[in-house]
Amino acid sequence: MTLQLTGIHHLTAITADAPGNLRFYTQMLGMRLVKKTVNQDDTSAYHLFYADGKASPGSDLTFFDWPVGRERRGTHSICRTGLRVSGEASLSWWREHLAAKGIETSDIREIGGHKSVDFEDPEGQRLRLVDDGGKGPANEWSASTIPAEHQIRGLGPITISVPDLANTELVLTRVMNLRKVRDFASPDGEGQVHVYEMGEGGPAAELHVAVQPKLNPAMQGAGGVHHVAFRTPDVEQIHQWTARLQEFRLPSSGEVERYYFRSLYFREPAGVLFEIATDGPGFAVDEPMETLGERLSLPPFLEGKRAAIEARLKPLA
């Protein structure tokens with residue numbers, strides 16, 4: 001059997017305003033804060049995870065809180081994050097909801113085969129609400145500010161920008177076993193976009209690659225994206241992915257134990273940081289599902305430094 005990724009696992013972006021970020025994603029977008037922890041490589045920074053009601057793999061949008069300036073937009077980057085909702089009626093509801101709060105949106109339009117609405121968060125994070133047709137399970141959050149039928153169901157598609165397709169496509173199709181399924185012209189005149197899918201396909205399992213050779217390279221900052229992660233079911237399969245990257249002589253981080261999942265990081269040829277992450281054990285491994293995100297969670301190897309870590313973090317409220 002060909003080794004297969006099963007979809008988008010999570011996406012990690014950058015904020016310079018953790019309290020404002022928390023308000024926007026939990027109150028404006030109605031997502032659940034499922035893990036309040038720190039960047040394991042920089043414990044002075046929060047790492048905030050927002051997801052659906054059950055903290056499902058494929059639903060978590062995460063943020064590093066770093067005191068940096070705004071992102072300089074360009075190519076060699078992840079440039080648009082899809083957030084899935086069910087039905088065109090939900091897209092209409094969201095347009096009204098966001099407009100009432102002073103957030104400008106695009107019209108509802110078809111982008112890459114899916115009805116979509118584009119908007120940005122207060123730091124310029126580029127987001128896209130995507131109608132996924134109700135495909136797959138939905139895990140509502142009872143305490144959300146958003147009615148159950150309109151809540152964000154998960155991530156996808158994710159769009160990256162590259163100046164040239166050839167080498168990126170080789171990695172996507174030959175190494176990662178993604179399938180190229182279609183292409184389309186960007187509705188904003190931003191270049192040709194090529195669609196690759198994994199697993200069972202659909203918006204939750206699509207990577208869109210925009211070819212934009214005229215853009216300057218991006219520079220990461222607040223409102224930008226750090227990396228995107230793809231799903232693999234378990235540790236056994238991540239071992240196989242590690243071996244596969246070695247077989248193709250593609251440099252990687254080697255496996256990294258993140259406690260909530262195990263990860264493997266590497267860069268595709270245009271420099272975009274990819275991660276492969278296991279579905280488990282999940283965010284309820286160290287706190288009850290009912291109270292996820294209510295206290296600072298630290299993996300066991302950082303627990304002994306809790307007092308020092310907490311003293312360096314700024315309050316979120």
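Is Arg 262 buried, partly exposed or exposed? Arg 262 is partly exposed, with a relative accessible area of 24%. Hello everyone, and thanks for having me. Before I go on, please keep in mind that this is a predicted model.

Let me stay with that arginine for a moment. Its side chain meets the side chain of Glu 257 in a salt bridge, at 3.1 Å from N to O. Glu 257 counts as partly exposed too, at 40% relative accessibility. Across the model, the count comes to 19 salt bridges.

Here is another one. Glu 71 forms a salt bridge with Arg 126, and the closest N and O atoms are 3.8 Å apart. Where do these two residues sit? Glu 71 is in the loop between strand S4 (60-65) and strand S5 (77-85), while Arg 126 is in strand S8 (residues 126-131), so this pair ties together parts that are 55 residues apart in sequence. Glu 71 is buried, with a relative accessible area of 16%. Arg 126 is buried as well, at 13% relative accessibility.

Now compare a pair from the surroundings of that loop. Arg 73 and Glu 120 meet through their side chains in a salt bridge, 3.1 Å from N to O. This pair also links distant parts of the chain: Arg 73 is in the loop between S4 and S5, Glu 120 is in strand S7 (residues 114-120), and they are 47 residues apart. Arg 73 is partly exposed, with a relative accessible area of 39%, and Glu 120 counts as partly exposed at 33%.

Some charged residues go beyond pairs. Arg 80, Arg 109, Asp 118 and Arg 128 are linked in a network of salt bridges.

Let's move to the sheet. In what order do its strands run? Eight strands form an open sheet, in the order S6-S7-S8-S5-S9-S12-S11-S10, and the pairing is mixed. At the edges are strand S6 (109-111) and strand S10 (179-185), each of which pairs on one side only. On average, and ignoring direction, neighbouring strands of this sheet are turned by 35° against each other. Val 85 has Asp 131 in S8 as its bridge partner. Helix H3 (residues 166-175) lies across S9, S10, strand S11 (192-197) and strand S12 (206-211), running at about 15° to S11.

Next, the nonpolar side of things. In soluble globular proteins, nonpolar side chains tend to be buried together. Here, the largest nonpolar core has 67 residues, and Leu 29, Leu 129 and Phe 274 touch the most other members. Helix H1 (residues 18-28) supplies the largest share of this core, with five residues. Leaving out residues up to four places away in sequence, Leu 29 touches Phe 24, Leu 83, Trp 94, Leu 98, Phe 119, Leu 127, Ile 146 and Ile 152. There is also a second, separate core of ten residues, which includes Ala 51, Ala 229, Ala 277 and Leu 292.

Ser 144 is in the loop between S8 and strand S9 (154-162). At 14% relative accessibility, Ser 144 counts as buried. Its side chain reaches the backbone oxygen of Gly 30 at 2.8 Å. Apart from neighbours within four places in sequence, Ser 144 is in contact with Gly 30 and Gln 151.

The other one is Gln 220, in the loop between S12 and strand S13 (225-232). Gln 220 is partly exposed, with a relative accessible area of 46%. Which residues does Gln 220 contact, leaving aside its neighbours within four places in sequence? They are Ile 14, Glu 71, Val 225 and His 226. You will remember Glu 71 from its salt bridge with Arg 126. The side chain of Gln 220 reaches the backbone oxygen of Val 225 at 2.9 Å, and a polar atom of that side chain lies 3.4 Å from the backbone oxygen of His 226. For a sense of distance, Gln 220 and Pro 122 are 98 residues apart in sequence and 16 Å apart in space, C-alpha to C-alpha.

Methods: Residues numbered from 1 in each chain as written. Predicted model: local features only at pLDDT ≥ 70, side-chain atom pairs only at ≥ 80, totals over all residues. Heavy atoms only, no water. Salt bridge = Lys/Arg side-chain N within 4 Å of Asp/Glu carboxyl O. Helix = DSSP H or I, 4+ residues; strand = E, 2+ residues; numbered from the N terminus. Buried < 20%, exposed > 50% of the residue type's maximum accessible area, 1.4 Å probe, protein only. Core = buried A, V, L, I, M, F, W, Y, C linked by side-chain atoms within 4.5 Å. Contact = heavy atoms within 4.5 Å. Polar contact = N/O pair within 3.5 Å; in protein donor to acceptor, adjacent residues only side chain to side chain. Pairing = 2+ DSSP bridges. Axes fitted to C-alpha atoms, helices over the stretch in contact; angles between N-to-C directions.
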